[in-house]
Amino acid sequence: MRSVDPRFGFPLAPTLQEMQDVIREAETPTKPVRFAQIAQADLPPAEEWQATAILVTDHHCLAVSMQVSGAWEWRRADGGPL
């Protein structure tokens with residue numbers, strides 16, 4: 001990803017730089033990552049959130065959307081069923 005050209009123009013350049021910094025941090029975290037928190041009943045369809053981790057509040061575990069037998073489903077981070 002190229003850096004934002006400072007000649008791009010004010011006031012858009014600082015906003016673009018901030019967005020770019022957020023994307024870089026998501027790609028290569030340098031600090032702990034905060035996960036979305038949701039109850040199991042409210043989990044979105046796993047196929048719409050592929051390769052995503054969510055903290056499941058009512059089970060006190062991290063769930064990961066993964067492909068199992070060709071279908072996407074939510075599993076505990078240790079691979080067990082949710």
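Figure 1. Leaving aside its neighbours within four places in sequence, His-59 is in contact with Gln-40 and Leu-82, contact meaning heavy atoms within 4.5 Å. The C-alpha atoms of His-59 and Arg-76 are separated by 9.5 Å, the two residues being 17 residues apart along the chain. Residues are numbered from 1 along each chain as its sequence is written, and because the model is predicted, local features need pLDDT of at least 70 and side-chain atom pairs count only at pLDDT 80 or more, while totals for chains, interfaces and linings use all residues. Side-chain values use heavy atoms, with hydrogens and water left out.

**Figure 2. Salt bridges of Arg-75 and Arg-76.** The structure holds two salt bridges, each defined as a side-chain nitrogen of Lys or Arg within 4 Å of a carboxyl oxygen of Asp or Glu. Side chains of opposite charge can pair when their charged atoms come close. Between Arg-75 and Glu-73, the closest N and O atoms are 2.5 Å apart. Arg-75 is buried, with a relative accessible area of 19%, whereas Glu-73 is partly exposed at 29%. Between Asp-78 and Arg-76, the closest N and O atoms are 3.0 Å apart. Asp-78 is exposed, with a relative accessible area of 58%, and Arg-76 is partly exposed at 30%.

**Figure 3. Thr-52 in the loop between β1 (37–38) and β2 (53–56).** The side chain of Thr-52 makes polar contacts (pairs of N or O atoms within 3.5 Å; within protein, one must be able to donate a hydrogen and the other to accept it, and residues adjacent in sequence count only if both atoms are side-chain atoms). The side chain reaches the backbone oxygen of Trp-49 at 2.9 Å. A polar atom of the Thr-52 side chain also lies 3.2 Å from the backbone oxygen of Gln-50. With neighbours within four places in sequence set aside, Thr-52 is in contact with Ala-63, Val-64, Ser-65 and Trp-74.

**Figure 4. The open sheet of four strands, in the order β1-β2-β3-β4.** Pairing in the sheet is mixed, two strands being paired if DSSP finds at least two bridges between them. β1 and β4 (71–76) stand at the edges with a single partner strand each, so one side of each is left without a neighbour in the sheet. β1 and β2 run parallel and are joined by two bridges; Gln-37 has Leu-55 in β2 as its bridge partner. Along the sequence, the protein follows the pattern α-β-β-β-β, where helices (H or I, at least four residues) and strands (E, at least two) are DSSP runs numbered from the N terminus.

**Figure 5. A nonpolar surface patch containing Leu-55.** Leu-55 of strand β2 counts as partly exposed because its relative accessibility is 31%. Together with Val-33 and Phe-35, Leu-55 forms a patch with about 230 Å² of accessible area. Patches are made of residues with over 30% relative accessible area and no salt bridge, like charges being joined within 9 Å and nonpolar side chains (Val, Leu, Ile, Met, Phe, Trp, Tyr) within 5 Å. Accessible areas come from the Shrake-Rupley method with a 1.4 Å probe; for residues, only the protein chains shown count as cover. The protein exposes about 6,300 Å², of which carbon and sulfur atoms supply 57%.

Technical notes. Buried means under 20% relative accessible area, exposed over 50%, partly exposed in between (1.4 Å probe, protein chains only).
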